[in-house]
Amino acid sequence: MDRLKQIESFVAVAAKGSLTAAAQAEGVAPAVIGRRIDALEERLGVKLLLRTTRRITLTHEGSAFLEDAQRVLADLANAEASVSAGGVKASGHLRITAPAGFGRRHVAPLVPRFLAQHPEVSLSLNLSDRVVDIVNEGFDCAVRVGDLPDSSLVSVRLADNRRRCVASPAYLKRAGVPQHPSELQRHECLTLSSEASQTRGWAFMVDGQLQHLRPSGRLDCSDGQVLHAWCLAGLGLAWRSTWEVEAELARGMLVSVLDDFAAPPNGVYAVFPQRRHLPLRVRLWIDFLKHSWGDPLYWQSAVG
């Protein structure tokens, strides 16, 4: 129990930015939270938080531990909910958001089945390629694809997201096939201009190290589907998720290049505010997505 309290206090301090705010939320003295953090750091043998009179910041080890700690607490809450819910029915309105392209293809088609399982739940789906502020805009849950910069929210990894560098056969015949990521600078690269994704650039493994490149070209767009269409039209190279281009790769309409330098996959996540008592409808929605996307047969049937 002491270990769990220490982890809960650490996550609360990281989310709220201060011992005082975390203590107020729990109804204890700030010194209690401080002692729990001290005990956690002593047990782990690392410094998790850098504390001054003005601010608290995460160390490198603290940032790494935070993601795992959030996941453990979320999994524990889901496990308790699945046992305690029993015959309780989910009800109320569920507001969710997801990236436009991924949402159209892999979130919206699942909604009817979820509502059929939970007839007392209603649902609003927002599709947007901007990073929606789910707390201030009143959303219960967001589906996010790729790196997660916001550590103040709880995240649950639902599936892998693999990226590939692709182009049409016509473009490669005209411009040549890049053999190394450094050669992208002489190619027309179709880049996403939205602040919502690819903020760190295109990722490749070079000499055992993960590198992020920011290639450029004459065209960029904030809409991934437009980049997809431009790529099919032979206008340049694009760095797209496998779920977007698998069908065209299978038909030979697109060709994957630089596969020897492919980066490890990032993730597809459910992201939600830090809440002590997550509504049952939100927990069930997250479990539903995790179960659906965790089935390898889903991704095979979804491509086509």
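Both E244 and R240 are buried, a term that here stands for under 20% relative accessible area, with exposed meaning over 50% and partly exposed the range in between, computed with a 1.4 Å probe on protein chains only. These two residues form a salt bridge in which the closest N and O atoms lie 2.8 Å apart, a salt bridge being a side-chain nitrogen of Lys or Arg within 4 Å of a carboxyl oxygen of Asp or Glu. The model is a predicted one, in which local features need pLDDT of at least 70 and side-chain atom pairs count only at pLDDT 80 or more, whereas totals for chains, interfaces and linings use all residues. Residues are numbered from 1 along each chain as its sequence is written, and side-chain values use heavy atoms, with hydrogens and water left out.

The structure holds ten salt bridges, and side chains of opposite charge can pair when their charged atoms come close. One of the pairs is formed by D160 and R157, whose closest N and O atoms are 3.1 Å apart; D160 is partly exposed at a relative accessible area of 46%, and R157 is likewise partly exposed, at 32%. Another salt bridge brings together the side chains of E188 and R218, at 3.4 Å from N to O. This pair links distant parts of the chain, 30 residues apart, with E188 in the loop between α7 (169-175) and β8 (189-192) and R218 in the loop between β10 (209-213) and β11 (220-221); helices (H or I, at least four residues) and strands (E, at least two) are DSSP runs numbered from the N terminus. E188 counts as partly exposed at 28% relative accessibility, while R218, at 74%, counts as exposed.

Turning to the sheet, five strands form an open arrangement with mixed pairing, in the order β4-β3-β5-β14-β6, where two strands pair if DSSP finds at least two bridges between them. Because β4 (121-127) and β6 (154-161) stand at the edges with a single partner strand each, one side of each is left without a neighbour in the sheet. From one strand to the next, the twist averages 20 degrees. Strand β3 (residues 92-98) runs parallel to β4 and is joined to it by seven bridges, and H93 has S122 in β4 as its bridge partner. Helix α10 (residues 280-293) lies across β3, β4, β5 (141-145), β6 and β14 (266-272), running at about 20 degrees to β6; axes are lines fitted to C-alpha atoms, for helices over the stretch in contact (heavy atoms within 4.5 Å), and angles run from 0 to 180 degrees between N-to-C directions.
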